[in-house]
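Subject: Structure handover

Hello,

Here is the structure you will be taking over. Please have a look at it first; notes on what was found follow below.

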Amino acid sequence: MSSEVLSLVPKSEAPLSARDFKSDQEVRWCPGCGDYAVLAAVQGFMPELGLAKENITFVSGIGCSSRFPYYMNTYGMHSIHGRAPSIATGLATSRRDLSVWVVTGDGDALSIGGNHLIHALRRNVNLKILLFNNRIYGLTKGQYSPTSELGKITKSTPMGSLDAPFNPLSLVLGAEATFVARTIDSDRKHLTSVLRAAADHPGTALVEIYQNCNIFNDGAFEALKDKDQAQEAVIRLEHGQPIRFGTDHTKGITRDTLTGDLSIVTVTEDNQSDILIHDAHNPSPTTAFALTRLADANTLTHTPIGILRSVQRPVYDTLMADQLDTAIEQNGKGELDMLLAGKDTWTVVG
C-alpha cells in the first residue's frame, strides 16, 4: 500500500505467517477448484503487508469465490449479489484505518454487479478487487456467464450462447481504473507478485484472475497453462521491457503508425527497434486497452498477463475526508435539522 494509505492502517505488533490468516472453517470448494490456489496465495502474501489482521477486511458478493471471507482469519462479510464494491466503498471511506479487499466472480461482478463495479473504479476508492474469472456460473451449476465465449454450450444455452462476452479488462479500463492487471490461479509466483503490486497501489486496484472451474468449465485456460502452448499464447508484460513472447521470444508487438492498432510480428533485425516497450505508467489508457484486445475470446491465443496499467490519481477516500475536515472547520459539526430543513424546504397547505 502507498505510504500515505499504509500509515493509516495499524501495524501488526508481532510478525505474522500464512497460518495466522487461515480461519478455523472447513474450506468447501469442489476438489481441484482453482479457488484453492488463489486462497493459498493470498494467505501466504498477507503477512508481507505487516498489518494487524484485525484491520484487514474481505468483502464478497455471491458465487463460489464469495466463500472467501470465511476462510480468511480477518474481518469480512459475505454480502449480496453484485453489491460487494458498494458495501466495500462505504467501509473504505468511513474506516480509513482498514485495508479493504473485494472478492468477486465474473457473474457476480459483471452481471448484476456491473454498475457497482464501474462506479467504484471511476471514483478510485481505496479498494483491492480480485475478480475470479472462470467464464461460467459455478455456484448455480453451469450456466453461461458474461465472460463465456460466443457459441458456448451450457445448461442455459444448449444451442450455444448468442451473447458477445465482456472483455473484463477492456471494461475496467473504460471505467478509468487506475490499476489493472491479469494473472492465473496456478501461477503462484506471478499471482503473488501482482497481488503485491495491487496492495501497494493507492486507490482501486483490479486484478482479474483466470480461475479454473474443473466441474463445469474444466480446461478453459489450458492454452495458458500447458507448458508448450503457453510459450506461444502468453504475453508476459513487464514495465519498461520490450513486449516479446513465444519460443525464444521470437514474437513481439508493434504499433501501426497509421491506425494505432497493435500487431503481432516475428522479430527480425529490421523490426527489432519497432517492438513496443511496455509502459504501465502511461497516463493514457489507449495502449493498455489495445493490449486487452489482442486475445481472441475463444482460443485465448496472445493473452497478456501482468500489470497493464498503474497510474496515480487522487484517492476518493482522501478527497472525501478533506471535504469533511473543511466543512467542520468552517461550520462546526453542523446540525442535522438545519441540513434537512434548509432554504429549499417548502410547506404545502390544502
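One aromatic cluster is formed by W29, Y36, F45, F58, F68, Y71, W101 and F132. Before the rest, two remarks on the source. The model is predicted, so local features need pLDDT of at least 70 and side-chain atom pairs count only at pLDDT 80 or more, while totals for chains, interfaces and linings use all residues. Residues are numbered from 1 along each chain as its sequence is written, and side-chain values use heavy atoms, with hydrogens and water left out.

Aromatic pairs

The whole structure holds 8 aromatic pairs (rings of Phe, Tyr and Trp, the last by its six-membered ring, with centres within 6.5 Å; planes under 30 degrees apart count as stacked, over 60 as edge-to-face and the rest as tilted). W29 and F68 form a tilted pair, with ring centres 6.4 Å apart and planes at 40 degrees. W29 sits in the loop between α1 (3-6) and α2 (35-45), and F68 in helix α3 (residues 68-71), 39 residues apart (helices, H or I, of at least four residues and strands, E, of at least two are DSSP runs, numbered from the N terminus). Both W29 and F68 are buried (under 20% relative accessible area, with a 1.4 Å probe and protein chains only; exposed is over 50%, partly exposed in between).

Y210 and F221 make a stacked pair, 4.3 Å centre to centre with 15 degrees between the planes. Y210 is in strand β6 (residues 205-210) and F221 in the loop between β6 and α9 (222-225), so the pair ties together parts 11 residues apart in sequence. Y210 is buried at a relative accessible area of 5%, and F221 is buried at 1%.

Around R182

R182 belongs to strand β5 (residues 179-184) and is buried, with a relative accessible area of 2%. Its side chain makes a polar contact with the side chain of E208 at 2.9 Å (N or O atoms within 3.5 Å; within protein, one must be able to donate a hydrogen and the other to accept it, and residues adjacent in sequence count only if both atoms are side-chain atoms). Leaving aside neighbours within four places in sequence, the residues in contact with R182 include Y210, N167, H190 and T303 (contact means heavy atoms within 4.5 Å).

An open sheet

Three strands form an open antiparallel sheet in the order β8-β9-β10 (strands pair if DSSP finds at least two bridges between them). Its edge strands are β8 (244-245) and β10 (262-266), each pairing on one side only.

Regards
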